[in-house]
Structure formats: C-alpha cells, structure tokens
Amino acid sequence: MHSAQVILEVKGLTTSFQTPGGSVKAVKDLGFTLRRGETLAIVGESGCGKSVTSFSLMRLLAAQARIEGEAWLTTREGARLDLLALPEREMAQVRGNQLGMIFQEPMTSLNPLQQVGDQIAEAMLVHGICGKAQAQARALDLLRLVGISAPEVRARQYPHQMSGGMRQRVMIAIALSCKPQVLIADEPTTALDVTIQAQILRLMRKLQGEVGMGMLFITHDMGVVAQIADRVAVMYGGQLVELADTRTLFRRPLHPYTQGLLASVPRPGQGGRLVGIPGQVETVYGEPVGCRFVNRCALAADVCRAERPVLAVHPEQQLVRCHFAGQAGAAHPAPMTRAT
Ligand SMILES: Nc1ncnc2c1ncn2[C@@H]1O[C@H](COP(=O)(O)OP(=O)(O)OP(=O)(O)O)[C@@H](O)[C@H]1O
C-alpha cells in the first residue's frame, strides 16, 4: 500500500467563514495524502470540520467561505491539478469525473423527476466519457455492479420507487460511472440501518479494489472506520489531532480525544458503561492560544492553555498533536474488525 502512487496531496488547507461573532476557522492547516486504492477515514464529532473539508476540496462552499492551501489531484492521464486553484470551468470538469462524491442522503442529490438509468448515463454524457447508447448500456452494467438485480427494470424507475439502500447504491453507481481517481464519501451510510450499512460498506470496499480509486471516507462512527479504513485522520476543532494506520490507531490511540472516541464505541461482551467525552465541540473564533481540546481534556495542564501543540511524529509514523501524547496510555483500545 505505501508504495502506491499518491493521488491526492492536501497541504495547509484552511477554510474560514466570516460570521457576526468573528472569523471562524472551520478547518485549520490540514494536510494529508491519499494513495491509489487507499481509504483514508476522516473522523470526529459533529462540528469538528469533516464536511467543510470535503466541501472545500470539491469547492462546493458558498462564496463567503475563504479557502486557502493546496490540494493536488493526480488525474487518470497523470497531470497534477491543484483543486483549490483551478478556474471554476475546469473544476466543473474535474467534479464528478476525476473526483467522485457520495453524500449522506441520496434523495437530496438524485433528481426525483428523472429515471435512475438516465441519471447514471447523464454523468458520463456530461463529461464526454462516451456516446448516448453506450452510456445507457454502461448504466445497466453499473446497476448490476452495485448489486441491483433486474437492472433493466430498475433503470426505468424513479428514486421514490426505491428503498434508501437502493438509492445509495444508485448514488455509488453515478459516482463510479466516470471511474474517478478519488471518491469523497461524506457519511454515506449514516441514514441506513446497520444491515444495509454493512452491505454498502462491503460493496464500496469491493468496488474500490476493482476500480483502484482512493477514497476519502468521512464519518463520526468508529465502528464504520474499523470496517472500511486503511488509515484514519482524527479531527478536532478544525485541526488534525491524530493520523495513523487503522490498526495502530485502534490498538494504541495517543491523543486523549481519540482515546475518548474509542472509549465511546460499544464493545460486545464487555458489559460496563460507555465512557463519553465530557463537554462538546466549541466553535473556535480567531486564533486561540493553546490546545483546542483543553476544556474537555482530563490531562489538561498549564502548558496546554499557554502553548499550541504541534503535530509530532511518533513511532509507526503516527502523527499526534498533544503535549502529553500517549501519557494516559491506550486506556480504551477498542476491538477492530474488518468487513472484507
Ligand atoms: N457557512 C458557515 N458559516 C459559518 N460557520 C460554518 C459554516 N459552515 C460550517 N461552519 C462551522 O464550521 C465548523 C465545522 O463544521 P462541519 O460541518 O465541517 O462539521 P462536521 O464535523 O462535518 O459536522 P457534521 O458531522 O455535523 O456535519 C462548525 O463549527 C460549523 O459551525
């Protein structure tokens, strides 16, 4: 995996919004790489900056958002494009083509008035991937690929005639139709029940293996992370606080926030109470001195209020932003299982 080609390289991504209360840096100096065939999960509680990260990379935020930094995508043809600097006309060609997307609620992304087969074909036509007849034939192949039986019948249906799980499969078919280099999946299974969720995760993992794309998987659910991710980026207050391969992170989380997230995952057969993280994510205005997690952290000391912790490299290439990284020990290592 580690020798595979880097297809997305994000450096210093910072996204801010001007609000009546001041400037909010929803994402601050975020950096990571994504390799071909790799899944990187971005995790954290609501409000930590996951969605702003994905919308910044896709450049789908409202005009008042200010996005800084670099995000280099390697195209199928081998060109390197900075997604944050491309003129909008070129970005529109990249979106849905080199860069696929799936969101939490397919009903808001699918057109309720168009048959699903036509919606899948349209993505290919818009990007000039092939002609109409070929796009329609390929739409049926894609429906089959994502596990929808009787694709000839289903292709003529409208979104409301399908179940939630089936609509999400259609969204995946649309996202895969142009064979993207990178797929951004923002909470794609959150609205589904656990059985369907497991099916969709298995499907995404399988298709990723076949297509070879890199996947940025945004979720707040550590159980889902264990099933799908090769590496995990943990975000808090808009910042990366820990980055490690999934096995290392689950076995030996070093940041108190990651330890708290893992401690709040139910563990079969263990009984006992779930331990939550006290307090909640606060909106960060301006440039606070010190650690953004300080008000919720059991290890907080004077240095945490006075000095910003930097992202430091620990053994096994684990990146951690904490003055006391690992000092609470891997207090709550959670079990790790994979769907595939
Ligand atoms: N348009 C906006 N104007 C001002 N602040 C915003 C705007 N959009 C997002 N934010 C702020 O950015 C921060 C990060 O939000 P974001 O939606 O990325 O969180 P998230 O981790 O994806 O949460 P969720 O899982 O609930 O979607 C939050 O503090 C939010 O209030």
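# A tour of the predicted model

Select strand 1 (residues 6-19) and strand 2: the two pair in the antiparallel sense, joined by 10 bridges. This is a predicted model, so keep the confidence values, given at the last stop, in mind.

To see the pairing residue by residue, show Phe-17 and then Val-24 in strand 2, which stands opposite. Next show Gln-18, whose bridge partner in strand 2 is Ser-23.

Now widen the selection. Four strands make up this open sheet, in the order 2-1-4-5, with antiparallel pairing. From one strand to the next, the twist averages 10°.

Eight strands form it, open, in the order 6-7-8-3-9-10-12-11, and the pairing is mixed. Strand 6 and strand 11 (312-314) are the edge strands, and each pairs on one side only. Direction ignored, neighbouring strands of this sheet are turned by 20° against each other on average.

Select strand 7 (residues 182-186). Why can strand 7 be called largely enclosed by the rest of the structure? Five of its five residues are buried, so the rest of the structure largely encloses it. In a regular strand, side chains alternate between the two faces of the sheet. Show the side chains here: Val-182, Ile-184 and Asp-186 point one way from strand 7, Leu-183 and Ala-185 point the other way, and all are buried.

Look at the partners of strand 7 in turn. Strand 6 (residues 99-102) pairs with strand 7 in the parallel sense over four bridges. Within this pair, Met-101 stands opposite Ile-184 in strand 7. Strand 8 (residues 214-219) also runs parallel to strand 7, and five bridges join these two. Here the bridge partner of Val-182 is Gly-214 in strand 8. Trace the chain from strand 7 through helix 8 (residues 194-211) to strand 8: this β-α-β crossover is right-handed.

Go along the sheet to strand 9 (residues 231-236) and strand 10 (residues 239-245). This pair is antiparallel, with six bridges. Show Ala-233 and its bridge partner in strand 10, Leu-243.

## Helix 11

Select helix 11 (residues 256-263), which lies across strand 3 (39-43), strand 9 and strand 10 and runs at about 105° to strand 9. Is helix 11 mostly covered or mostly uncovered? Helix 11 is mostly covered, with seven of its eight residues buried. The buried ones are Pro-256, Tyr-257, Thr-258, Gln-259, Gly-260, Leu-261 and Leu-262. Show what covers them, including strand 3, helix 9 (222-228), strand 9, strand 10 and helix 10 (246-251).

In soluble globular proteins, nonpolar side chains tend to be buried together. The largest nonpolar core in this model has 90 residues, and those touching the most other members are Ala-41, Ala-173, Val-182, Leu-216, Val-225 and Val-232. Helix 7 (residues 164-176) gives the largest share of this core, eight residues.

Center the view on Val-225. Which residues does Val-225 touch, not counting residues up to four places away in sequence? They are Ala-41, Val-43, Thr-219, Val-232 and Thr-246.

## A loop

For contrast, select Gly-128, in the loop between helix 4 (116-126) and helix 5 (132-145). Gly-128 has 10 other C-beta atoms within 10 Å; a residue with 12 or fewer counts as exposed, and therefore Gly-128 is exposed. Then draw a distance from Gly-128 to Val-153: the two are 25 residues apart in sequence and 26 Å apart in space, C-alpha to C-alpha.

## Confidence

Finally, color the model by pLDDT. The protein chain averages 87, and 91% of the residues score at least 70. Select residues 330-340, where the pLDDT is below 50; this stretch has 35 contacts in the model beyond near neighbours in sequence. Where pLDDT is low, the predicted coordinates should not be read in detail. For the complex, the predictor gives an ipTM of 0.94 and a pTM of 0.88.

Methods:
Residues numbered from 1 in each chain as written. Predicted model: local features only at pLDDT ≥ 70, side-chain atom pairs only at ≥ 80, totals over all residues. Core = buried A, V, L, I, M, F, W, Y, C linked by C-beta atoms within 7 Å. Buried ≥ 20, exposed ≤ 12 C-beta atoms within 10 Å, placed from the backbone. Contact = placed C-beta atoms within 7 Å. Pairing = 2+ DSSP bridges. Right-handed = clockwise from strand over helix to strand, strands pointing away. pLDDT = per-residue confidence, 0-100. Axes fitted to C-alpha atoms, helices over the stretch in contact; angles between N-to-C directions.
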